[in-house]
Amino acid sequence: MKEKINLKNIHILIIFVGIIFVNLSIFHSNLWFDESYSVGMANNNFLDIWKIGSHDVHPVLYYWILHIISIFTGNSILALRIFSGFIISLTGILGFSHIRKDFGEKTGLIFSFLIYFSPVNSVYANEIRMYSLTMFLITILGIYAYRLAKESKISYWIIFGFASLCSIYTHYYGLMAAGIINVILFIYFIKKKNKKAYITQIILGIFQGVLYLPWLIHLLVQLNSVSKGFWIEVKFPKSLIEILGFTFSGDLEFYIGAIISIVICIYIVYLFIKSREIKENLPAIFAILVYGLVIFAAWIISKKMNSDILYYRYIFVITGISIFALSFMLAKGNDKYTFIICIIILTVSIFNNISMVKENYSKSNLEPIKYIKDNIKEGDIITYPDIGSGSVIAMNFPNYTKYFYNEGNWGVEEAYKAFGKQMKTYVNKDFLENCKGRCWIVTSGGTDFYEECFENEDYKLIMNKSFQTAYKEYYYKIYLVEYIRK
């Protein structure tokens, strides 16, 4: 009894300290491209979000939630970021509220610890993206799938169905994970000859299918467009090292996390072999199976589409499942080894957090925005050819006309309506017909956009300056020109 009380108190302390730790670096208003897109979507109404979202690569539930937050916070970038940190914090509390009750004090405690102190979670607590929300939903889905396997309660079915529906409307990895969990649970009910349960699941599945039907047509269109989409080419796990290192490296080198992952995997395999009882390890096996099948499904789809959607960022949404499997097995292992593993993870996470605090709170991040704010005038136009630095500037100046020079013809005109009516996309130089006054040119330095379009007798260079920011290492090359040809 004393040990249980001590573990419970320690668990509460871990939650308290962990929430502070995982949210240390989220209180800033910096943006990178994906985040600027989320902010842009949040500024649209529900119907426009649905219309624009049909041309994006993700479903719209997360953007709808951001819109609600924006209504109450005056389009605060900080509030949108805090939401991600809040969801990660809530996921860690599941260790106390659910996993501890279902699998014991030790498993719940380790789960909460790993949610708060795994480096990757501090990274995505910072992201104004749907990944943290999807991870929370899939974790809930896994928990209630296990509970339903033990007891078919109406309240469990309601939560399971709601989490499943929300998952498929939040991220396509959520769609894969929800589908796989549902299929595994259905097979389990068939095997157990639990007719009432699998009939209930069929009815629930039909209900979800009907509610998902309005989005299904958009999914089919997106599957075609994503195969040609430029955004998928940014970065994806071409090596096992990146996949292995993802959870335990955060913003640090993938090799650090990969080494930790390999050591942990060896130890977990040892614990499986040592226990010899498959039945007692079924919860962990279920979680590992879901995790593996989602990655396998993404790989298969990538091959079929000839485009890599096996993107390490997307893998984050099933991290809660993998952390549960790890927590379950570590709780069965030697306390000494579990403690050492946790200390190693904590140490890496501390270094990761120090790096993010320096990056996110650096004064250099404010300089390019301040430079334009100090010099911009009413009626000025902003032009850019770079989806990264340019879109960040676009979201910081919502009331100014902006032209995106889409020289590569990426087919993003409809998706880019997220940035508002002041945003225009051009695939040629026709936008120059509208640049008859003062015009700001924002590039990342990787193009000759200024030289190609504005360095001529039609324009006079008023000022220019370059900025290197710490946040995402964005580089800005900013020019201000004025049209002088009469």
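The side chains of K472 and E127 meet in a salt bridge, 3.4 Å from N to O. A salt bridge here is a side-chain nitrogen of Lys or Arg within 4 Å of a carboxyl oxygen of Asp or Glu. This is a predicted model: local features need pLDDT of at least 70, side-chain atom pairs count only at pLDDT 80 or more, and totals for chains, interfaces and linings use all residues. Residues are numbered from 1 along each chain as its sequence is written, and side-chain values use heavy atoms, with hydrogens and water left out.

**Salt bridges**

- K472 lies in the loop between β5 (459-468) and β6 (475-483), and E127 lies in the loop between α7 (119-124) and α8, so the pair ties together parts 345 residues apart in sequence. Helices (H or I, at least four residues) and strands (E, at least two) are DSSP runs, numbered from the N terminus.
- K472 is partly exposed, at 29% relative accessibility. E127 is buried, at 2%. The cut-offs are under 20% relative accessible area for buried and over 50% for exposed, with partly exposed in between (1.4 Å probe, protein chains only).
- A search of the whole structure finds ten salt bridges.
- K370 forms one with D374, and their closest N and O atoms are 2.8 Å apart. The two residues are four apart in helix α18 (residues 367-375), so about one helical turn separates them. Both K370 and D374 are exposed.
- E452 forms a salt bridge with K429, with the closest N and O atoms 3.2 Å apart. This pair links distant parts of the chain: E452 sits in helix α20 (residues 449-453), and K429 in the loop between β3 (423-426) and β4 (438-443), 23 residues apart.
- E452 is partly exposed at 32% relative accessibility, and K429 is partly exposed at 35%.
- Salt bridges with shared partners join E127, R313 and K472 into one network.

**Nonpolar cores**

- The largest nonpolar core has 149 residues, and F160, Y173, I318 and I372 have the most contacts inside it. Helix α8 (residues 131-150) gives the most to this core, with twelve residues.
- A nonpolar core is a set of buried Ala, Val, Leu, Ile, Met, Phe, Trp, Tyr and Cys residues joined through side-chain atoms within 4.5 Å.
- I372 is in contact (heavy atoms within 4.5 Å) with I393, F397, W440, V442 and I478, leaving aside its neighbours within four places in sequence.
- A second, separate core of 16 residues includes I381, Y450, C453 and V481.

**Strand β4**

- Six of the six residues in β4 are buried. R438, W440 and V442 cover one side, with C439, I441 and T443 on the other.
- Strand β1 (residues 381-384) pairs with β4 in the parallel sense over three bridges. Strands count as paired if DSSP finds at least two bridges between them. T383 stands opposite I441 in β4.
- β4 and β6 run antiparallel and are joined by six bridges. Here V442 stands opposite I478 in β6.

**Surface patch**

- In soluble globular proteins, nonpolar side chains tend to be buried together.
- L13, F16, V17, I20 and L24 make a nonpolar surface patch of about 470 Å². L13 lies in helix α1 (residues 2-22) and is exposed, with a relative accessible area of 52%.
- Patches are made of residues with over 30% relative accessible area and no salt bridge; like charges are joined within 9 Å, and nonpolar side chains (Val, Leu, Ile, Met, Phe, Trp, Tyr) within 5 Å. Accessible areas come from the Shrake-Rupley method with a 1.4 Å probe, and for residues only the protein chains shown count as cover.
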